[in-house]
Amino acid sequence: LPLVKASNSLSLSLQAKMSRPVQAQRLEGIDKNIWVEFVKLAANYSTVNLGQGFPDFPPPDFLKEALVRALSGENHMLHQYTRAFGHPPLVKILAQFFGKLLGRDLDPMTNVMVTVGAYQALFCCFQAFVEEGDEVIIIEPFFDCYEPMVKMAGGTPVFVPLRLKAPKDGKLISSADWQLDPTELASKFSEQTKAIVLNSPNNPLGKVFSRGELELIADLCVKHDVLCISDEVYEWLVYDGKEHIRIASLQGMWDRTVIIGSAGKTFSVTGWKVGWTVGPNRLLQHLRTVHQNSVYHCATVAQEAVAQGFQRELELYGKPDSYFIQLPKELQQKRDWLVQSLDAVGMKPIVPEGTYFLVADISGFKSDVPDVPDSDEPYDSRFAKWMVKNKGLAAIPLSAFYCGAHKNNYNHFIRFCFAKEEATLKAANDILQKWKQEKTSP
């Protein structure tokens, strides 16, 4: 009898196994992620990681001190829930700060919402605004999460590339040499266009869009009644006297723009995951609906510390001691150092106007990593994997920032992060110099 029972039990357990598909259709084709793969490779092989975009230097002392005060101070309520859409001190100072930058009065309760990093802010935007049949214009190269997030919301991404117009005078290429074709951009707008995603300064190129380029985008948004999701996480990291212009400040754009920012990039604390959205209440009310039904709430102590950081920066705004002035100065020096280092070994750098990132042309190193005919994997992806495994230097292939149909059009570039300590950049230079010597020795 026990054998019969065991047999019946096994039979029932086999029947109980699910045979129907469990994966939601919206996840189809978006399961792979470049960061999961390359972060693992960097952890296993790299001696120098210039791949992922995070600083390996400490955040400013005033921000660390603010966090310590928040953690160990008398206000024990900082260890509990705060307001779901943003800790009151943080939304108040953000409204004050961005109100000053945009030249308008902002209501901290309706024009600002705090998110779990800029990443969740993007997710809220796509979920709140995009549905089946909607098209979203994405400028290539683009931060890679835009495409899957649009698809998860049921929308269709429509891609328009920045096209390289290389200088003819032998100068180094700049990120400014990558430009939108006005006719091509206009052709992407249609009755189905719901939004355009703008990322300036742009990751991965480091391009800072000019006023003329932003006016072109703004005019098309107004003409076609289209929303603008403006990812401005690198807003303070612009170099060579360039100006970051906020598209929401242009005529007709405030009412249709959501600005996205990040304490991670602003204060060099990417692990804190504090981001925000700024915009009109008619848009932000829908973001609040997504937020309250997904993460609901962000870490209170981190918000408190970021609020204090912004309070300091508001008082020092435009002054030499401001972190927003000091950090880009330091990063510009690091950028210039890496530009010289890459140029000296024959990896042609594209000089970025902003961000943490520098893209380099690897065409001169192709002899080290032979092409594989008919390979599905873009050349730069195979090159980056070979480089981390054989040279210990981690970078990210530029093709990761293009849609599937365009990956092979831009497959001889890789992206380096220069927001690193001097010792890290020196170690990268040593690897490159040794590599060059190996290439040139008989």
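Begin by selecting Gly29, which lies in the loop between helix H1 (2-16) and helix H2 (34-45), where helices are DSSP runs of H or I with at least four residues, strands are runs of E with at least two, and both are numbered from the N terminus. The model is a predicted one, in which local features need pLDDT of at least 70 and side-chain atom pairs count only at pLDDT 80 or more, while totals for chains, interfaces and linings use all residues. Residues are numbered from 1 along each chain as its sequence is written, and side-chain values use heavy atoms, with hydrogens and water left out.

With Gly29 still selected, note that this residue counts as exposed because its relative accessibility is 67%; exposed means over 50% relative accessible area, buried under 20%, and partly exposed in between, with a 1.4 Å probe and protein chains only.

Next, select residues 112-116, which form strand E2, a mostly covered strand in which four of the five residues are buried.

Move on to the open sheet of four strands, whose order is E11-E12-E15-E14 and whose pairing is antiparallel. Its edge strands, each pairing on one side only, are E11 (348-350) and E14 (396-397). Select E14 together with E15 (residues 413-417) to see two strands that pair in the antiparallel sense over two bridges, and then pick out Pro397, which stands opposite Ile414 in E15.

Finally, show the whole protein, which has 14 helices and 15 strands. Its radius of gyration, taken over C-alpha atoms, is 24 Å, close to the 22 Å that the globule rule gives for 442 residues, so the protein is as compact as a globular protein of that length; the rule is 2.2 Å times the number of residues to the power 0.38. Along the principal axes, the C-alpha trace spans about 80 × 70 × 55 Å, and 54% of the 442 residues count as buried. Among contacts (heavy atoms within 4.5 Å) between residues at least 6 apart in sequence, 73% join residues at least 24 apart.

Key: Pairing = 2+ DSSP bridges.
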